[in-house]
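This report describes one protein. Look over its sequence and structure before reading on.

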Amino acid sequence: MTSYTREAIGGLAVAVVGCGALGSEAARLLGLLGLGTVLLIDPDRVEATNLIHSPYLRSKNSLGRHKAEVLAENLAAHFPDTHWQTLACEIADVGFQRLRRCALLLSCTDNTLARVETGYAAHRLRLPMMDAGLKGRAVWSGRVAWLPGGRAACYLCQLGEARRAELLSFSLSAAQSCSAPLHTDQPLPSTPTMASIVAALQVDLGLRLALTPSELTEQAYAWELSLPLPETSWHSFTIRPSADCPWHSSEDSSDMVILPMDQPLNESLAQQSAQTENQPASLELDWPLCVKARCNRCRHLWSPMLRLAVLRRRGVCPACGESSLSAIETLARVTIGDSFAHLTPRQLGLPPDHLFTIARSL
Ligand SMILES: [Zn+2]
Ligand SMILES: [Zn+2]
């Protein structure tokens with residue numbers, strides 16, 4: 001059993017998902033504590049507003065560069081003993097081999113979809129996740145939640161049924177027009193002091209729970225902090241697993257395997273099935289790909305080969321530039337005879353360094 005000592009912390013790897021006001025504070029604290037490795041994950045680039053909110057995103061020529069890279073450079077100058085790694089992509093595009101050695105995933109993003117995607121990685125890899133969120137300037141409040149994985153409540157469990165359905169259908173189901181707007185969070189300007197307080201709670205409680213396993217750490221908890229004057233409050237409560245959360249619905253018997261990125265999937269699947277007395281193996285995609293889309297303006301049809309959530313948020317028609325699109329066909333699973341099985345994982349845009357989910361039918 002590990003414990004909360006300097007030596008234990010020096011041997012740990014932690015991932016920080018989101019490098020804005022909250023994530024850059026959490027990363028700074030991990031540096032101060034002497035973490036062994038910190039993996040910084042954020043697809044966004046530094047904009048002028050970030051320069052005001054985070055000193056660690058501010059440096060010569062940082063505008064327009066990836067936040068994760070600027071943050072790593074600046075923090076490495078202060079904390080050279082920590083190994084700073086960066087991935088300038090969305091959490092849903094991070095290969096699980098990059099995450100599996102982490103002791104903890106810190107979720108520091110300001111959008112719920114990215115939190116669901118972080119929660120999914122935590123769920124698949126059985127890693128604990130410490131989620132943190134801020135409310136805006138007028139509210140002075142924040143929340144952190146310990147989601148240890150296993151049988152405990154996961155990120156999805158704590159969302160209401162309607163919100164869960166909305167988020168999952170946005171990412172998973174083609175039965176929604178791409179133009180239907182997701183009920184998105186309204187990122188509010190946070191105060192640097194609240195970011196600092198909430199990030200400190202996230203890092204401190206998260207590391208203590210991750211390093212001292214006990215009965216206590218097998219349950220999911222949330223802590224809510226509210227600091228409007230003069231009535232300040234601090235609540236902690238248990239989060240119960242939700243009976244209809246899809247991530248707890250059945251015992252998972254699939255394997256997670258490394259597949260060659262440049263070998264056609266039909267060859268990889270044949271090898272996988274040969275390893276288990278020719279039980280047919282299929283690749284289950286973590287997030288479905290849109291393989292055929294139609295423009296709602298000019299009716300152009302094409303193969304975007306993008307994750308459905310990416311198409312819905314950022315897809316545009318290659319013929320006319322329209323963003324109102326319909327997903328006509330999606331791909332969630334590949335079997336040997338499928339029309340896409342001659343493609344390689346790289347051609348399908350699947351993440352490098354991944355652990356792919358292989359299901360076997362009896
Ligand atoms: Zn759940
Ligand atoms: Zn078009």
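## Two domains

The centres of domain 1 and domain 2 lie 27 Å apart, taken over C-alpha atoms. Domain 1 covers residues 6–248 and domain 2 covers 255–360; these bounds come from an automatic or database domain assignment.

Where they meet, 17 residues of domain 1 are in contact with 22 residues of domain 2 (in contact: C-beta atoms, placed from the backbone, within 7 Å). On the domain 1 side, helix H5 (96–99), helix H6 (112–125) and helix H7 (161–172) each supply at least two residues. Helices (H or I, at least four residues) are DSSP runs, as are strands (E, at least two), numbered from the N terminus.

## Basis of the model

This is a predicted model: local features need pLDDT of at least 70, side-chain atom pairs count only at pLDDT 80 or more, and totals for chains, interfaces and linings use all residues. Residues are numbered from 1 along each chain as its sequence is written, while chains are lettered from A and ligands numbered from 1 in the order in which they are written.

## Helix H8

Helix H8 (residues 192–211) has 20 residues. Its buried residues include Met194, Val198, Gln202 and Leu209 (buried: 20 or more other C-beta atoms within 10 Å of the residue's own, with C-beta atoms placed from the backbone). Seen down the axis of H8, the buried residues fall within an arc of 165°, so they line one face; the arc is that of the directions from the helix axis to the C-beta atoms.

Among the elements covering these residues are helix H2 (21–33) and strand S5 (129–134).

## Whole protein

The protein has 10 helices and 14 strands. Of its 362 residues, 38% count as buried.

Terms used. Expected span 1.5 Å × (residues − 1). Buried ≥ 20, exposed ≤ 12 C-beta atoms within 10 Å, placed from the backbone. Contact = placed C-beta atoms within 7 Å.
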